[in-house]
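Please work through the exercises below with the sequence and the model side by side. Each task is followed by its solution.

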Amino acid sequence: MSNTTKAWLLLIPAILVEVTASLALKGALEYPALYVVVVIGYLSGFVLLAAILRTGMALGVAYGIWGAAGVALTAVGSLLIFGEPITALMGIGMIVIIAGVLCVELGAQAAHKKTETA
């Protein structure tokens, strides 16, 4: 398995545990036992992010995707679990964030290819 594939496979659970921790943080306001999920989720998210960086993925790309996906999924999760609204402006904002991260990823790939050919 290539390092790139490994990085992307680690990024998925890193995003999911961070989103779970964020949603549990809101839930912990009513159910304090959820603070255990918060701590475990955030710690495991950072451990996974460190493992992703060890594969060679650029920090800007890894953190950008992690953060952008986390924002979007947390907003959707908070809509489904807590009934918090997603306004049209929020939806546009999430699209802009995702588009920005896509630009960073494409730029990183172009820079990597340029380095390989030089």
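This is a predicted model: local features need pLDDT of at least 70, side-chain atom pairs count only at pLDDT 80 or more; totals for chains, interfaces and linings use all residues.

Residues are numbered from 1 along each chain as its sequence is written, and side-chain values use heavy atoms, without hydrogens and water.

**Exercise 1.** Identify the elements with the lowest and the highest mean pLDDT.

*Solution.* pLDDT is the predictor's confidence in each residue, from 0 to 100. The chain average is 91. Helix H4 (residues 88-117) has the lowest mean, 83, and helix H2 (residues 35-54) the highest, 97. Helices are DSSP runs (H or I, at least four residues), numbered from the N terminus.

**Exercise 2.** Determine how the buried and exposed residues of H2 are arranged.

*Solution.* Buried means under 20% relative accessible area and exposed over 50% (1.4 Å probe, protein chains only).

1. Val38, Gly41, Gly45, Leu48, Leu49, Ala51 and Ile52 are buried in H2.
2. These residues lie on the same side of H2, because their arc around the axis (from directions to the C-beta atoms) is only 160°.
3. The face turned away carries exposed residues, among them Val36, Ile40 and Arg54.
4. The buried residues pack against helix H1 (3-27) and helix H3 (59-82), where contact means heavy atoms within 4.5 Å.

**Exercise 3.** Describe the surroundings of Ser22.

*Solution.* Ser22 belongs to helix H1 and is buried, at 16% relative accessible area. Not counting residues up to four places away in sequence, Ser22 touches Tyr42 and Thr74.

How values were computed
Helices (H or I, at least four residues) and strands (E, at least two) are DSSP runs, numbered from the N terminus.
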